[in-house]
Amino acid sequence: LGYSLQLGRGAVIAELTKIPTVSNFRAGDIAAKGHGAPLVPRVDAYFLSHSHESRCVQNIGGIGNVAYLPSRSHPHWLEKVRGWDTGPGNSLLDLAVQYLTDGTQTYDADGNWAASGTPCHALVEKWLSEDYFQLPPPKSTGRELFGWEYLQNCLVDTNTLNLNAADTLATLTELTVASIVHSYQTFLPQLPKRVLLCGGGSRNLYLKRRLQELLAPIPVQTTDEVGLSANFKEAIAFAVLAYWRMLNLPGNLPQATGATQQVLLGEVHLPM
């Protein structure tokens with residue numbers, strides 16, 4: 001069994017706020033031999049699926065993850081929902097910006113710095129040979145793989161080719177985009193009719209543009225454009241998971257997390 005460390009103590013929050021609190025959502029899925037991630041696909045299925053078109057909801061946080069939502073016109077459509085972590089989202093980009101600016105900046109606003117550079121596609125192809133990208137779903141990853149050590153290896157490659165800072169950021173951005181596209185083309189039953197972005201990376205205009213160019217003619221939008229805040233979707237999703245827990249309804253999707261069964265997610269703490 002794996003494990004997951006969650007910040008925040010539900011019992012303390014419940015006592016301080018005098019509000020019933022649900023926390024530690026991943027533990028139940030992990031106990032059922034799942035990855036404990038991604039947990040949002042079931043929520044995405046009910047909020048963002050469509051009656052006639054298949055969709056991918058692509059979260060780009062530190063790590064990228066996708067929920068594939070078939071059209072609700074398919075029989076047993078919920079059983080056909082899939083989800084997994086696609087690879088790095090913003091993690092390598094943010095670390096690189098901090099490194100390249102000696103800590104004076106923490107992210108590339110709108111992707112403008114990367115947009116001024118030219119990606120090295122040969123390096124992207126090399127980095128895509130990483131074992132994780134070849135693993136079939138269900139799968140999950142994190143900064144333990146796509147973190148500082150991974151970035152250092154990437155910087156050795158960019159330095160060898162004398163890439164400047166803008167080219168380095170453009171190439172790292174291209175890795176995030178290419179890993180998403182590779183994941184879709186390799187593991188989806190079919191390409192979606194629409195892609196909906198959320199998370200901090202959805203505000204990276206250069207990243208969004210490159211994803212649109214590589215997936216054309218599939219439209220790439222944000223969840224804002226279909227009525228769900230891209231900035232707060234993760235918070236909304238976990239609020240729904242907490243609500244389901246209070247109703248004793250399962251929150252995970254075994255086909256997304258690899259768990260042996262549907263389970264209740266979260267530990268309930270009542271104020272004294």
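1. The side chains of Arg-194 and Glu-53 meet in a salt bridge, with 2.7 Å from N to O; a salt bridge here is a side-chain nitrogen of Lys or Arg within 4 Å of a carboxyl oxygen of Asp or Glu. The pair links distant parts of the chain, 141 residues apart: Arg-194 belongs to strand S5 (residues 194–198), and Glu-53 to the loop between H3 and strand S2 (55–60). Helices (H or I, at least four residues) and strands (E, at least two) are DSSP runs, numbered from the N terminus.

2. The model is predicted: local features need pLDDT of at least 70, side-chain atom pairs count only at pLDDT 80 or more, and totals for chains, interfaces and linings use all residues. Residues are numbered from 1 along each chain as its sequence is written, and side-chain values use heavy atoms, with hydrogens and water left out.

3. Glu-53 also meets Arg-55 in a salt bridge between side chains, at 2.8 Å from N to O. Glu-53 is buried, with a relative accessible area of 13%, and Arg-55 is buried at 9%. Buried means under 20% relative accessible area, exposed over 50%, and partly exposed in between (1.4 Å probe, protein chains only).

4. The structure holds nine salt bridges. One of them joins the side chains of Lys-233 and Asp-44, at 2.7 Å from N to O. Lys-233 lies in helix H11 and Asp-44 in helix H3, so this pair ties together parts that are 189 residues apart in sequence. Lys-233 and Asp-44 are both buried.

5. A network of salt bridges links Glu-174, Arg-209, Arg-210 and Glu-213. Glu-174 is in helix H9 (residues 165–187) and is buried, with a relative accessible area of 3%. Leaving aside residues up to four places away in sequence, Glu-174 touches Pro-119, His-121, Val-124, Tyr-206, Arg-210 and Leu-214. Contact means heavy atoms within 4.5 Å.

6. Two packed helices are described by the angle between their axes and the distance between the axes. Helix H3 (residues 41–48) and H11 pack at an angle of about 100°, with their axes 10 Å apart. That makes H3 roughly perpendicular to H11. The residues in contact are Arg-42, Val-43, Asp-44, Tyr-46, Phe-47 and Leu-48 on H3, and Lys-233, Ile-236, Ala-237, Val-240, Leu-241 and Trp-244 on H11. Axes are lines fitted to C-alpha atoms, for helices over the stretch in contact, and angles run from 0 to 180 degrees between N-to-C directions. Angles under 35 degrees count as roughly parallel, over 145 as roughly antiparallel, 65 to 115 as roughly perpendicular and the rest as oblique.

7. Val-40 sits in the loop between helix H2 (26–31) and H3, and is buried, with a relative accessible area of 8%. Its contacts, not counting residues up to four places away in sequence, are Lys-233, Glu-234, Ala-237 and Phe-238.

8. Most residues other than glycine have a negative phi, and most peptide bonds are trans. The peptide bond from Ala-37 to Pro-38 is cis, with omega near -10°; Pro-38 is in the loop between H2 and H3. Ala-216 and Pro-217 are also joined by a cis peptide bond, with omega about 10°, and Pro-217 is placed in the loop between helix H10 (205–215) and strand S6 (220–222).

9. Asn-24, a residue other than glycine, has a positive phi, near 55°. Asn-24 is found in the loop between strand S1 (21–23) and H2, and is partly exposed, with a relative accessible area of 24%. Asp-102, not a glycine, has a positive phi of about 55°. Asp-102 is in the loop between helix H4 (91–100) and helix H5 (112–115) and is exposed, with a relative accessible area of 71%.

10. On the surface, Tyr-243, Leu-247 and Leu-249 form a nonpolar patch, with about 300 Å² of accessible area together. Leu-247 is in the loop between helix H11 (233–246) and helix H12 (254–257), and is partly exposed, with a relative accessible area of 44%. Patches are made of residues with over 30% relative accessible area and no salt bridge; like charges are joined within 9 Å, and nonpolar side chains (Val, Leu, Ile, Met, Phe, Trp, Tyr) within 5 Å. Accessible areas come from the Shrake-Rupley method with a 1.4 Å probe, and for residues only the protein chains shown count as cover.
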